[in-house]
Amino acid sequence: MAEATKAANDVQAEFDALRRDVSNLTDAVGRLLNESSDDMKARARERIQQTATAAQQAAGAAGTKVTDFVDERPATSLL
């Protein structure tokens with residue numbers, strides 16, 4: 001009977017250790033996903049900023065072309 005109790009306690013201890021390991025693994029995966037999410041957000045912000053800058057530059061270039069066209073052909077631009 002003592003051996004069965006010891007074996008049951010050993011099995012319970014192994015299950016408890018397994019639960020702790022799974023909990024630690026779950027926490028580690030959660031932190032990893034959170035860090036990955038933060039990295040993706042930062043990269044997305046950077047790309048949005050780059051796209052906005054490129055759009056501003058393109059708009060500025062288009063504005064310059066329109067201004068040049070109006071300066072060169074004022075009558076045509078009125079039509």
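**Working through the model**

Tutor: The chain exposes about 7,000 Å², and carbon and sulfur atoms supply 59% of it. Accessible areas come from the Shrake-Rupley method with a 1.4 Å probe, and for residues only the protein chains shown count as cover. This is a predicted model, where local features need pLDDT of at least 70 and side-chain atom pairs count only at pLDDT 80 or more, while totals for chains, interfaces and linings use all residues. Residues are numbered from 1 along each chain as its sequence is written, and side-chain values use heavy atoms, with hydrogens and water left out.

Student: How many helices and strands does the chain have?

Tutor: Two helices and zero strands. Both types are DSSP runs numbered from the N terminus: helices are H or I with at least four residues, strands are E with at least two.

Student: What radius of gyration does the chain have?

Tutor: The chain has 33 Å, whereas a compact globule of 79 residues would have a value near 12 Å. The radius is taken over C-alpha atoms, and the globule rule is 2.2 Å times the number of residues to the power 0.38. Along the principal axes, the C-alpha atoms fill a box of roughly 110 × 20 × 5 Å.

Student: And what share of the residues count as buried?

Tutor: 0% of the 79 residues. Buried means under 20% relative accessible area, exposed over 50%, and partly exposed in between (1.4 Å probe, protein chains only).

Student: Which residues form the nonpolar patch on the surface?

Tutor: Val11, Phe15, Leu18 and Val22, with about 360 Å² of accessible area together. Patches take residues with over 30% relative accessible area and no salt bridge; like charges are joined within 9 Å, and nonpolar side chains (Val, Leu, Ile, Met, Phe, Trp, Tyr) within 5 Å. Phe15 sits in helix H1, residues 2–72.

Student: Why does Phe15 count as partly exposed?

Tutor: Because its relative accessible area is 45%.

Student: Switching to charges. How many positive and negative side chains are there?

Tutor: There are 10 positive and 13 negative ones, and the centres of the two sets lie 4 Å apart. Lys and Arg count as positive, Asp and Glu as negative, with His and the chain ends not counted. Each charge is placed at NZ of Lys, CZ of Arg, CG of Asp or CD of Glu.

Student: How many salt bridges does the structure hold?

Tutor: Two. The term needs a side-chain nitrogen of Lys or Arg within 4 Å of a carboxyl oxygen of Asp or Glu. Arg19 and Asp16 make one at 2.9 Å, N to O. Both lie in helix H1, three residues apart, about one turn of the helix. Arg19 is exposed at 51%, and Asp16 is partly exposed at 27%.

Student: What does Arg73 form a salt bridge with?

Tutor: Glu72, with the closest N and O atoms 3.7 Å apart. Glu72 is exposed because its relative accessibility is 57%, while Arg73 is partly exposed at 40%.

Student: Where is Arg73?

Tutor: Arg73 is in the loop between H1 and helix H2, residues 74–78. Its C-alpha is separated by 83 Å from that of Ala17, 56 residues away along the chain.
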